[in-house]
Amino acid sequence: MTNESQRDSDNGSGEQPEPRPIDWTDPDTFAQALDQVETKEKGNYFEDFSEGDLLEHDPGLTLTRWGNESWMSQTLNHDPAYWRVDAAAERGFDEPPIHPDYLTAATLGITVEDLSEKGGYFLGRTDVRFPGTPVYAGTELHVESEVVSTATSSSRPEFGIVTWRTRGTDAETGDVLCSYERTNMIPRREPVATDGGSTTAADAEENGGDGPTLPETFVTPAGGYFEDFVDALETAEGDDENAAVAYRHERGRTQDDVTVASLPLATLNTAKQHHNIDVMADSPSGDIVTYGDVTRSTALGHARSDEQTWREVGFDDEQFHTFVAAGDTVYAFTRVLDAEDDAATDAAGTVRFEHIAFNQDDEPVYSGTRTAEIQKRTA
Ligand SMILES: C/C(=C\C(=O)SCCNC(=O)CCNC(=O)[C@H](O)C(C)(C)COP(=O)(O)OP(=O)(O)OC[C@H]1O[C@@H](n2cnc3c(N)ncnc32)[C@H](O)[C@@H]1OP(=O)(O)O)C(=O)O
C-alpha cells in the first residue's frame with residue numbers, strides 16, 4: 001500500500017517529479033527578474049560627448065505632405081502657400097512646399113535618439129537657417145551633428161550642458177536644407193560637485209537691481225503687411241523712444257495628447273519627455289512635456305495669423321524658459337524690432353520680430369527672434 005507522502009514526492013513511480021515551471025508572469029517573480037536583468041540602454045549620457053565628435057543620425061526621414069500638414073494644422077499654421085496650389089504658385093513655388101517649421105522639427109527629431117534621448121531638456125537654439133528652401137514633399141533628409149561644446153551645469157550636478165551644430169541635408173543632392181546650433185541639459189552618468197549656482201549680490205546688480213521699466217506706449221500695427229510694420233515702428237520712434245511696437249495674439253492652443261506625444265513621435269523624436277509618463281514622474285518636470293518645437297511653432301502660428309508672411313529667413317536666440325505640459329495653453333506675444341526694404345523679392349520687405357510664447361498663467365515658456373520677409377501691400 002502506498003502512503004500519502006510517497007505519492008506526493010514521486011507519484012508512486014519512484015522517479016523525481018519535474019520541477020515546477022517558473023511562472024515569469026507571477027508579479028513577485030517578475031519584479032525579481034526585472035531587478036536582476038540588465039537594461040539595454042538607449043541614448044547617451046553627458047560623459048559620452050566630446051567637443052568635435054561627429055554623429056550621423058539614422059534612420060533619416062522622408063518629408064511627407066502628411067507630416068507637414070499634421071504639424072502645420074495642429075500648430076495653427078494656415079499660410080495658404082503651404083496648403084493651396086494657386087497660392088503656392090503666386091509665391092513662386094512649384095507646389096505647396098514643406099514648411100520651415102516642420103523641416104526644423106523633423107531635422108531635430110531625428111537627432112534625439114543619439115543626442116538627448118537620455119532625458120535632457122532642450123534649452124535653446126540659434127542660427128536656424130534654411131539655405132536650401134523651398135523643399136518639397138518626398139525629399140529624404142540626412143542629418144548629422146557635431147559637438148560644439150560641453151560644460152558643467154553649476155546649478156544642477158546631475159546634468160551637463162551640451163551644444164551641437166546640426167545640419168539636415170537632401171540625401172540625394174547633399175544640399176543643406178536646415179542648420180542650427182542647439183543646447184540641451186543632458187543627464188550625467190555620475191553627478192559631480194558644483195557650486196550650486198547660487199546668485200550673488202553682484203549678479204543681482206548686473207541683472208538690473210530693481211529691473212528695467214517698460215516703455216510707456218505700445219504701438220500695434222494697423223495690419224499685417226510690411227508697410228504696417230514700418231508705419232508702426234515710425235510711430236514708436238516718433239514718440240521720443242519711449243514706445244515699442246508690441247502686441248499679443250488672441251489665439252491659444254491647449255496642449256493635448258496629439259501635441260505632446262503624437263507630433264514629436266511623428267518626427268522620430270524619441271525623447272522620453274514627450275511620451276513616457278512613468279519615467280517623467282521622477283524628473284524636474286514631473287510630467288511629460290510638449291516638444292519645444294511644437295510650443296514654438298504654435299506661438300509662431302498665432303503670430304503669423306496676424307501678418308502676411310512671404311518667407312521665413314531665420315531664427316536666433318531661441319530659449320525655452322519653463323515646461324509646457326498637457327492642459328497648458330500656449331499663447332503668443334510679438335515685439336517688432338526692425339523693418340528693412342531689403343528682401344530677396346520686390347514683393348516683400350524684411351521684418352525682425354521677437355516672439356514670446358506664454359502660458360495661461362502669463363509665464364513666458366519660449367522666446368526667440370525671427371527674421372521673415374513680409375508681403376508688401378503695394379506689391
Ligand atoms: C527636443 C527635446 C526636448 C524637448 O523639447 S523638452 C521641452 C522643451 N524644453 C523645456 O521645456 C525646458 C524648459 N526649461 C526649463 O524648464 C528650465 O530651464 C529647466 C530645464 C528646468 C532648468 O531650469 P533651472 O532654473 O534649473 O536652470 P536654467 O534655466 O537657468 O538653466 C540650467 C543651466 O543651463 C544653462 N542654460 C540655459 N539655457 C541655456 C542656453 N540656451 N544655452 C546655454 N546654456 C543654457 C543655464 O545657464 C544654467 O547653467 P548653470 O551653470 O547655471 O547650471 C530634446 O530631447 O532634445
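This is a predicted model: local features need pLDDT of at least 70, side-chain atom pairs count only at pLDDT 80 or more; totals for chains, interfaces and linings use all residues.

Reply: Residues are numbered from 1 along each chain as its sequence is written, and side-chain values use heavy atoms, with hydrogens and water left out.

Me: Why is Thr 75 called buried?
Reply: Its relative accessible area is 0%. Buried means under 20% (1.4 Å probe, protein chains only). Therefore Thr 75 counts as buried.

Me: What is Thr 75 in contact with, leaving aside neighbours within four places in sequence?
Reply: Leu 263, Val 294, Ser 297, Thr 298 and Gly 301. Contact means heavy atoms within 4.5 Å. Thr 75 itself sits in the loop between helix H3 (65-74) and helix H4 (85-90).

Me: What does the side chain of Thr 75 reach at 2.7 Å?
Reply: The backbone oxygen of Trp 71. A polar contact is a pair of N or O atoms within 3.5 Å; within protein, one must be able to donate a hydrogen and the other to accept it, and residues adjacent in sequence count only if both atoms are side-chain atoms.

Me: Which atom of Ser 154 lies 2.8 Å from an oxygen atom of the ligand?
Reply: A backbone N or O atom. For Arg 156, a side-chain N or O atom is 2.6 Å from a ligand oxygen.

Me: How many residues surround the ligand?
Reply: 29, with Ser 153 and Arg 182 among the closest.

Methods: A residue is near a molecule or strand if one of its heavy atoms lies within 4 Å of it. Helices (H or I, at least four residues) and strands (E, at least two) are DSSP runs, numbered from the N terminus. Buried means under 20% relative accessible area, exposed over 50%, partly exposed in between (1.4 Å probe, protein chains only).
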